[in-house]
Number of protein chains: 2
Amino acid sequence: MNEVPTQISLKQLKTHCSSCSLRELCLPMGLDAGELEHLDRLVSTRRPLKRGDSLYRSGDVFGSLYAVRSGFFKSRVTTDDGRDQVTGFHMPGEILGMDGIGTEHHTLDAVALEDSEVCIIPFAHLEEISREVKSLQRQFHKVMSRELVRDQGVMMLLGTMRAEERVSAFLINLSQRFTARGWSPSDFHLRMTREEIGSYLGLKLETVSRLFSRFQEDGLVSVQQKHIRILDVPGLKKIVGQDPC
Amino acid sequence: MNEVPTQISLKQLKTHCSSCSLRELCLPMGLDAGELEHLDRLVSTRRPLKRGDSLYRSGDVFGSLYAVRSGFFKSRVTTDDGRDQVTGFHMPGEILGMDGIGTEHHTLDAVALEDSEVCIIPFAHLEEISREVKSLQRQFHKVMSRELVRDQGVMMLLGTMRAEERVSAFLINLSQRFTARGWSPSDFHLRMTREEIGSYLGLKLETVSRLFSRFQEDGLVSVQQKHIRILDVPGLKKIVGQDPC
DNA sequence: CGTTGCGTTGAATAAGGTCAAATAGAGTGG
DNA sequence: CCACTCTATTTGACCTTATTCAACGCAACG
């Protein structure tokens, strides 16, 4: 349990899902204009975070979900014996905080990897409105379910893939998610360190670094520190798919 | 996508959550008598499965959740290139099928590891009732959230633990879940093969077998084929917790 | 009583991890 | 603006762990 209260710096910014550019990636996905009005009333405040700030920590009382409005987050789980692992990286339009619903306390830490902003979604209120707005209820259930499916993908990655497959799959996944946000699919800035990537992929940071170097030698990517340029998508995909023989 | 329709052998058995012995482990958890009546109307049929039968398969259209009433299941994810991984083992009182909500199609296979029976929970109907019964809505959200938290535990296991820690954690976890069901915490029958355990833990079956043998030598457990007797719980816990140095 | 699937065990091997040293940038204060 | 720090990253050499490959044992079942 973490007793230190998260530093509050809550700007009361008026938020409108109905005019948000992330509408089609986020909770409002598929809602019509009338339904969006309900959401506009529900999601009324935003919270800015500086790089390194925790949005919430393991043990914190759960009260709200958060939609990433801008910036980049990681979520992290810690065991009693002090080991931790990054369990996800989160970008605009994605929903954070669902780990806390089951026990009324968060089980993860969510940390901003760059200056960021989230929309606050008070959970009791979300439940209340989704009792009235069927399509919102359905959409929320879909968001949770997709998170479950995402987790299965990560388990697959951790359980069956070799190091080079993991790193390749990681780059492809980032690329796709960047694309969905209208950013370059092939040219991007990693917000996380090699250690955080390694933690997420179940590898050591040296292994990640070596594989980045090897992919570069093989002409698959160009790596300059945190700047990645993907040169050969089919080549990366081939690495993921290929038989380990 | 799997086009083969699941073989239907649907006995119309009358089910009553309100009188079910798994009430406090399952979806009805925490509901009062009046609220349980709604559930009784919702969950009205059961479906028996033989060992090896699929409850659903990846690609099947999603329509219902399932509560394990008796027996034992595994869920499994398969990649395009034919590799698969066991992502969970499921025992009475646990809810299956939530992977299908997000896309209206299942992404997992759910397979009975022994003759089993599930209660069928038509999902549209569940959503409808949970719009009226607040505590059911809350309970369902908790069930999904706990599944997310469980997945994080598996990621931690796969990402950071050594082989002996994984096997030890696996045995402890089984033991705890058996205990919650009123069965022996220390004496049980594994329904799954070494290969399935290995797949779940991200290990090869030989590694699992070797570790069972070593744990037996060390007096932590007694292993006879699928019959496990845990002799030293603190010893097993020490293996999980200990620093790898 | 042979077949078949599952489990155990040993020896060799390869994939990643560990340890250590060198380098490169980013940020800071003078 | 420059020197200085600090952290992140890269790379090499070596080592540990788990996998691979192979052989054998066991139990259930027709």
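How far apart do the C-alpha centres of domain 1 of chain A and domain 2 of chain A lie? In this predicted model, the two centres are separated by 26 Å. The domain assignment of chain A places domain 1 at residues 17–146 and domain 2 at residues 161–241. Their contact draws 11 residues from domain 1 of chain A and eight residues from domain 2 of chain A. On the side of domain 1 of chain A that touches domain 2 of chain A, strand 5 (residues 84–90) of chain A gives the most, with three residues. That side of domain 1 of chain A consists of seven nonpolar, two polar and two charged residues.

The DNA strands are considered next. Around DNA strand C there are 20 residues, of which Arg162(A), Thr207(A), Thr193(B), Ser209(B) and Ser213(B) come nearest. Two or more residues of this surface come from each of helix 6 of chain A, helix 5 (194–201) of chain B and helix 6 of chain B. Around DNA strand D there are 19 residues, and Thr193(A), Ser209(A), Ser213(A), Ala163(B) and Thr207(B) come nearest. Here the elements giving two or more residues are helix 5 (194–201) and helix 6 (205–217) of chain A, together with helix 6 (205–217) of chain B.

Methods
Residues numbered from 1 in each chain as written. Chains lettered and ligands numbered in written order. Predicted model: local features only at pLDDT ≥ 70, side-chain atom pairs only at ≥ 80, totals over all residues. Near = placed C-beta within 6 Å. Helix = DSSP H or I, 4+ residues; strand = E, 2+ residues; numbered from the N terminus. Domains from an automatic or database assignment. Contact = placed C-beta atoms within 7 Å. Nonpolar A, V, L, I, M, F, W, Y, C, P; charged D, E, K, R; others polar.
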